[in-house]
Amino acid sequence: MAELMCTWLGLELASPIVASSGPLTHDPDLISRLVDAGAAAVILPSLFEEQVEHEADELERLYSMHSDANVEAASFFPEVPGYESVVDLALALVERTKARVEVPVVASVNGTHPGGWVRYAKLLVDAGADAIELNMYTVAADPMRTAAQIESDQIALVESLVHTISVPINVKLSPYYTSVGAFAVALEAAGAHGVSFFNRFYQPDLDLDTLEVASALALSTSDELRLPLRWLGLLRQHLHISMAATTGVHSGHDVAKVILAGADVAMTTSAVLRRGPEHIATMLRELSGWMDEHEYTSVGQMRGAVSSATIDDPEAFERANYIGALARYTSNFLNRR
Ligand SMILES: Cc1cc2nc3c(=O)[nH]c(=O)nc-3n(C[C@H](O)[C@H](O)[C@H](O)COP(=O)(O)O)c2cc1C
């Protein structure tokens with residue numbers, strides 16, 4: 001049977017399937033089920049920069065309010081019985097998960113600006129996290145800030161994380177950069193140990209009855225795999241750090257595709273939300289079956305075998321035969337009329 005072991009961020013994994021951050025990784029029981037089904041690493045839900053900063057501001061406000069008050073009043077703060085901050089909860093989840101499973105546990109922080117909140121990543125590492133994922137989910141909504149300013153802040157953030165913590169850092173990237181490749185290369189130069197392609201953005205809708213901006217979260221489908229697939233295929237030859245696919249990984253065949261394009265691991269959330277944690281075992285069976293059928297003996301042998309560096313027509317990953325695809329569809333459409 002094919003060898004599924006692989007290395008990601010320098011960590012030895014039993015298979016190339018990682019459970020990405022999401023509702024199932026909030027709970028150690030569900031995490032255990034993911035791992036029993038074959039998830040080779042788990043990424044915990046993100047600790048958000050805004051949450052941490054808001055909580056710190058709020059504590060600061062309460063402290064200063066009570067320090068102005070009389071001594072009696074000050075004595076009841078900060079001992080708020082049963083109060084657990086978002087940071088306490090995140091640290092407790094790392095500890096409980098580490099006590100429960102043998103696979104690497106990755107803690108996630110979401111943020112885009114360097115700042116004091118970065119020290120929380122260190123607390124997560126002290127609590128036992130084997131790696132940190134930096135989820136850079138942000139919308140560049142301010143037209144006064146240029147791409148160069150935004151990117152330099154983000155690179156500075158990665159550099160400050162690299163200097164603050166002792167474990168590998170994986171950056172979960174958005175697809176919305178003018179040059180995704182140049183930014184990924186800059187992340188490598190800044191010291192990141194891996195990049196995930198790509199964070200999935202939830203787009204707002206308008207509710208025509210209430211005239212409010214509505215946000216509804218829809219899970220992904222396998223079709224969405226094509227975006228990460230393209231960039232994995234294009235960038236394998238340019239990056240020396242780990243690459244992961246996230247968004248659209250629903251089956252063992254999806255895993256095979258992203259590894260062939262150049263990924264070290266495939267991450268999944270929507271598929272296990274729809275089908276349950278045990279779906280990972282099905283994905284692994286499908287991956288092994290495909291590898292046996294195509295005579296691949298290891299994941300390492302597959303990795304990058306169909307990337308832009310190895311195929312006869314490297315441009316296939318760029319324009320995906322743009323003109324040919326448009327012409328074929330148009331001609332089929334007109335012939336069906
Ligand atoms: C309900 C929900 C919660 C999520 N929470 C997080 C999170 O806290 N941090 C993060 O980086 N990604 C989060 N994600 C994104 C997933 O990790 C993943 O990147 C995304 O769903 C695309 O992968 P998929 O196609 O396998 O679902 C969340 C996704 C869902 C559906």
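In which helix does alanine 189 lie? Select alanine 189 and you will land in helix H7, residues 180-190. Helices here are DSSP runs of H or I with at least four residues, strands are runs of E with at least two, and both are numbered from the N terminus. Before going on, note that residues are numbered from 1 along each chain as its sequence is written. This is a predicted model, so local features need pLDDT of at least 70 and side-chain atom pairs count only at pLDDT 80 or more, while totals for chains, interfaces and linings use all residues.

**Stop 1: alanine 189**

Alanine 189 counts as exposed because it has 11 C-beta neighbours inside 10 Å. With C-beta atoms placed from the backbone, a residue is buried if 20 or more other C-beta atoms lie within 10 Å of its own, exposed if 12 or fewer, and partly exposed in between.

**Stop 2: the whole chain**

Zoom out. The chain holds 13 helices and 12 strands, and its C-alpha trace spans about 80 × 45 × 45 Å along the principal axes. Buried residues make up 39% of the 337. Among contacts with a separation of 6 or more, 73% join residues 24 or more positions apart; a contact means C-beta atoms, placed from the backbone, within 7 Å.

**Stop 3: the ligand**

Next, centre the view on the ligand. Around it are 21 residues, and Ser20, Ser21, Asn135, Ser220 and Ser270 come nearest. Being near means that the C-beta atom, placed from the backbone, lies within 6 Å of the molecule. The shell divides into 5 nonpolar, 14 polar and 2 charged residues. Here Ala, Val, Leu, Ile, Met, Phe, Trp, Tyr, Cys and Pro count as nonpolar, Asp, Glu, Lys and Arg as charged, and the others, Gly among them, as polar.

**Stop 4: helix H1**

Select residues 28-36, helix H1, and colour Ile31, Leu34 and Val35, which are buried. Look down the axis of H1: its buried residues fall within an arc of 95°, so they line one face. The arc is that of the directions from the helix axis to the C-beta atoms. An α-helix has 3.6 residues a turn, so residues three or four places apart point the same way. The cover over the buried residues of H1 includes strand E3 (17-19), strand E4 (41-48), helix H4 (86-100), helix H10 (270-275) and helix H11 (279-293). After H1 comes glycine 38, with a positive phi near 120°.

**Stop 5: the largest nonpolar core**

Which residues touch the most other members of the largest nonpolar core? They are Ala39, Val42 and Ile132, in a core of 87 residues. Such a core is a set of buried Ala, Val, Leu, Ile, Met, Phe, Trp, Tyr and Cys residues joined through C-beta atoms within 7 Å. Helix H9, residues 252-261, gives the most to this core, with 6 residues. Click on isoleucine 132: leaving aside neighbours within four places in sequence, its contacts include Val106, Ala121, Leu161 and Ile169.

**Stop 6: helix H9**

Move on to H9, where 9 of the 10 residues are buried. Among them are Asp254 and Lys257, along with Val255, Ile259 and Leu260. The buried residues of H9 pack against E3, helix H8 (226-235), strand E11 (242-245), strand E12 (265-268), H11 and helix H12 (299-302). Glycine 262 follows H9, and its phi is positive, near 135°.

**Stop 7: backbone details in the loops**

Select leucine 9, in the loop between strand E1 (6-8) and strand E2 (11-13). Leucine 9 has a positive phi of about 55° although it is not a glycine, and it counts as buried, with 24 C-beta neighbours inside 10 Å. Leucine 211 also has a positive phi of about 55° without being a glycine. Leucine 211 is exposed, with 7 other C-beta atoms within 10 Å. Finish at the peptide bond from phenylalanine 197 to phenylalanine 198, which is cis, with omega near -5°. Phenylalanine 198 sits in the loop between strand E8 (194-197) and strand E9 (205-207).

Note on methods:
Two residues are in contact if their C-beta atoms, placed from the backbone, lie within 7 Å.
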